[in-house]
Amino acid sequence: MNSHNNTPARNTKVMNRFDLTSRLVAKLKKEEAVIGGIGNTNFDLWAAGHRPQNFYMLGSMGLAFPIALGVALAQPNRRVFALEGDGSLLMQLGCLSTIATLKPKNLSMIVLDNGIYQITGAQPTPAAAATDLIAVAIGCGLTNSSWAADEGDFERLIEQSLTASEPMLIGARIDDGPGTWATRRDPVQIRERFMLGLGSREGF
Ligand SMILES: Cc1ncc(C[n+]2csc(CCOP(=O)(O)OP(=O)(O)O)c2C)c(N)n1
């Protein structure tokens, strides 16, 4: 379990990935895009109820935020959410500086921080003891970033992000539970379905 003893995250509640993902999905009314990172984040996104505007990354860690950045730039009138694990984000920290520089107004990011690489055997990540990912994001220039204190605060931050005029990162400490249901591992289907859901492909 993640202690975060030396970080501002220490005062935040340890929540649950599926519960938070369900709370996010329940607030989506305008065909917002949601990009799930590999493994548990996309399993719980799938389990929260598939939507045509969901994309489920497979295989490579750290690509949820970069993919979401591309979608946000390509479709500036659509709000885009991205869900990523702490281990995956740590593998791709540079994307935070890129996003802070490009400043897409319509990009909201969520890091689900269990302090472990849960899916590969629960090895501790540097976020467990040393690295505060929200402090990193703020340092990269994503100044509108914060830890969610509890579920109510998480929902408040999601609502705030729906109309935000700058990118923001929401951090949520979560427990060590595995994801709920696995997405069917079919990258072509996932890509084509997402493009249809975003109206960027007319049919196939
Ligand atoms: C580039 C890369 N390195 C290693 C792996 C193996 N791997 C898959 S998931 C994972 C752990 C992911 O940890 P995190 O993002 O914190 O999510 P969690 O499993 O805790 O939900 C690892 C090491 C991979 N898929 N890709």
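My first note is a definition: on a 1 Å grid over the protein atoms alone, a pocket is an open set of points where a 1.4 Å probe fits, with protein on both sides within 12 Å along at least five of seven lines, and lining residues have an atom within 4 Å of a point. A volume is the space filled by probe spheres set on the points, which are joined across faces, edges and corners.

I'm working with a predicted model, where local features need pLDDT of at least 70, side-chain atom pairs count only at pLDDT 80 or more, and totals for chains, interfaces and linings use all residues. Residues are numbered from 1 along each chain as its sequence is written, and side-chain values use heavy atoms, with hydrogens and water left out.

**Second largest pocket.** I looked up its volume and got about 190 Å³. Its lining includes Lys27, Glu32, Arg78 and Leu162. I sorted that lining into two nonpolar, three polar and six charged residues (Asp, Glu, Lys and Arg count as charged; Ala, Val, Leu, Ile, Met, Phe, Trp, Tyr, Cys and Pro as nonpolar; the others, Gly among them, as polar).

**Largest pocket.** This one comes out at about 290 Å³. I found 19 lining residues, with Ile38, Ser88, Tyr117, Gln118 and Ile119 nearest the centre. The ligand takes up this space (a molecule sits in a pocket if more than half of its atoms lie within 2 Å of its grid points).

**Ligand.** Which atoms did I find by its oxygens? A polar backbone atom of Gly87 is 2.8 Å from a ligand oxygen, and an N or O atom in the side chain of Asn114 is 2.9 Å from one.

Notes
Polar contact = N/O pair within 3.5 Å; in protein donor to acceptor, adjacent residues only side chain to side chain.
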